[in-house]
Amino acid sequence: MTLSTMLSTMAIGMLRTFGVFSLTLIGSLPLGMVVALLKKSRFAVVRGFISAYISIIRGTPLMLQLLVWYFGPFYLFGMNIGGWRFPAVILGFVLNYAAYFAEIYRGGIESMPVGQYEAAEVLGYTHTQTFMRIILPQVIKRIMPSITNEVITLVKDTSLAFTLAYQEVFSLAKQISASQTSFMPFVIAGVFYFVANYAVEFAMSRIEKALDYYK
Amino acid sequence: MILEMNNIRKSFGAHEVLKDISIGVDRGEVVSIIGPSGSGKSTLLRCATFLETIDGGDISYMGEHAVHTDDAGKAVYVSPQKLRHFRSYYGLVFQQFNLFPHYSILKNLIDAPMHVQGKSKEEATDLAMALLYKMGLSERADAYPYQLSGGQQQRVAIARALAMSPEILFFDEPTSALDPELTGEVLKVIRELAEEHMTMVVVTHEMPFAKAVSNRVVFMADGVIVEQGDPQDVFDNPQEERTKQFLRVFER
């Protein structure tokens, strides 16, 4: 197999990796905010449920979670899991990353000085207005470095989709390497992850700079 | 009466901070509240502005009850929606300014008028620019709070409160967070507002200012009003021993 056929075969995997990466972010960034807000719910049942969810997600390997989401419906309910592979991958990643993002959001929200809430309250803002107009914009700026960290981890974590035999770039690298007895696919995969994360760092530093107009 | 607070009680845990305090403020009055730290004067302001919940007593603005104490002796507040209506009657200037750092100076002044009062952007901007002009800050409309000195930030905070056209303006130690050379510019603004007969209640440690500007001085200690009256009387001829003791510290 020539290098260019290797590259073109793996390019499909790269696209799939990118798919997992972007769908995970699209799902987990907003879901994390919902989780963070529910954790401050006035209903103890909701708070308890959210705490348990976050504990379980953080306390077990993502690889195991993926296996549960994929095989669970079959073993638990005898359901047909044909075509369930990709949804299971995305579900596993979104629920996992939402838990981590939720904790980052919560940390950011709790770091806000109480004076900001009080000033908004005295001016007559509603709770929703206070959160959307005053608190959230400042929280986003504060948590950007932690978000960057998490996004970079996600780029590398997408390789865990190989657990469910989802043919993203890492699975393909392993397969091609075995069949061709070549080390090259791993080099290609390594360069791919590195370049992807370099792009993430660049993009995130641009966002941080854009938010630098105030202190 | 713009503000009337009767028999206000407030405890933090076992510590009673306000012990049956009553105070009223008439239109155009400038009331200074002085007293040692821990006397409850800031808590009184925070209760008047609903940032703290009182345990007992009545609070009304413009003759409307916002809180009353029921027969069981429990303080009952009106609904959150109604409370928001009461907030339109007053403004509060904080010790720490509490400007919104992510908004420009102009945006700090127009955001609440637009999104709370529903004013148009043009209307809100006209008023905001007039207020900034009055504060001597019209050139800084596009700056952000961190680019301003403490004194300038506090003047913006006063303008932000005035932009809501309140009936009464509260100041919670407005110069305590400022370097001594910056307090003058903030006190000057408050003095100008007093000359325009803006109704104000100022918690302050600036005794000469309190004496010069206010119509009435209230001396608080240990959660009660010890003495109040005309500034000349309270400062030059205090009746209570506790007041004399407190004022002696400032003479030295």
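Why is H5(A) largely enclosed by the rest of the structure? Seven of the 10 residues of H5(A) are buried, so the rest of the structure largely encloses this helix. Here, buried means under 20% relative accessible area, exposed means over 50%, and partly exposed is what falls in between (1.4 Å probe, protein chains only). Helices (H or I, at least four residues) and strands (E, at least two) are DSSP runs, numbered from the N terminus.

A word on the ground rules. This is a predicted model, in which local features need pLDDT of at least 70 and side-chain atom pairs count only at pLDDT 80 or more, while totals for chains, interfaces and linings use all residues. Residues are numbered from 1 along each chain as its sequence is written, chains are lettered from A and ligands numbered from 1 in the order in which they are written, and side-chain values use heavy atoms, with hydrogens and water left out.

Chain A comes first. The C-alpha trace of chain A spans about 70 × 45 × 25 Å along its principal axes. Of the 215 residues in chain A, 45% are buried. Contact means heavy atoms within 4.5 Å. Take the contacts in chain A between residues at least 6 apart in sequence: 74% of them join residues at least 24 apart.

Back to H5(A). The buried residues in this helix are A:Gly115, A:Gln116, A:Glu118, A:Ala119, A:Ala120, A:Val122 and A:Leu123. Their cover includes H6 of chain A, together with H1 (41-48), H2 (80-87), S7 (90-93), H3 (105-115) and H5 (150-162) of chain B.

Helix H8 of chain A covers residues 184-210. With 27 residues, H8 reaches 39 Å from its first C-alpha to its last, close to the 39 Å expected at 1.5 Å a residue (the expected span is 1.5 Å times one less than the number of residues). Among the buried residues of H8(A) are A:Ile188, A:Phe192, A:Tyr193 and A:Met204. The buried residues of H8(A) pack against H1 (3-38), H6 and H7 (169-180) of chain A.

Next, the place where the chains meet. In all, 19 residues of chain A are in contact with 24 residues of chain B. The two chains bury about 2,200 Å² between them, 59% of it on carbon and sulfur atoms; buried area is the accessible area (1.4 Å probe) that two parts lose on being put together, summed over both. On the chain A side, A:Val122, A:Leu123 and A:Arg133 lose the most area to chain B, together 31% of what that side buries.

Between chain A and chain B there are three salt bridges, each a side-chain nitrogen of Lys or Arg within 4 Å of a carboxyl oxygen of Asp or Glu. A:Arg133 forms a salt bridge with B:Asp111, with the closest N and O atoms 2.6 Å apart. H5 (114-123) and H6 (127-157) of chain A each supply at least two residues of the side that touches chain B, and H5(A) gives the most, with eight residues.

Over all chains, the structure holds 18 salt bridges. One of them joins the side chains of A:Glu103 and A:Lys39 (3.4 Å, N to O). A:Glu103 lies in H4 (residues 85-110) of chain A and A:Lys39 in the loop between H1 and H2 (44-59), so the pair ties together parts that are 64 residues apart in sequence. A:Glu103 is buried, with a relative accessible area of 14%, whereas A:Lys39 counts as partly exposed at 22%. Another salt bridge links the side chains of A:Asp212 and A:Lys141 (3.6 Å, N to O). A:Asp212 lies in the segment after H8 and A:Lys141 in H6 of chain A, so this pair ties together parts that are 71 residues apart in sequence.

In chain B, the side chains of B:Arg46 and B:Glu52 meet in a salt bridge (3.1 Å, N to O), and both residues are buried.
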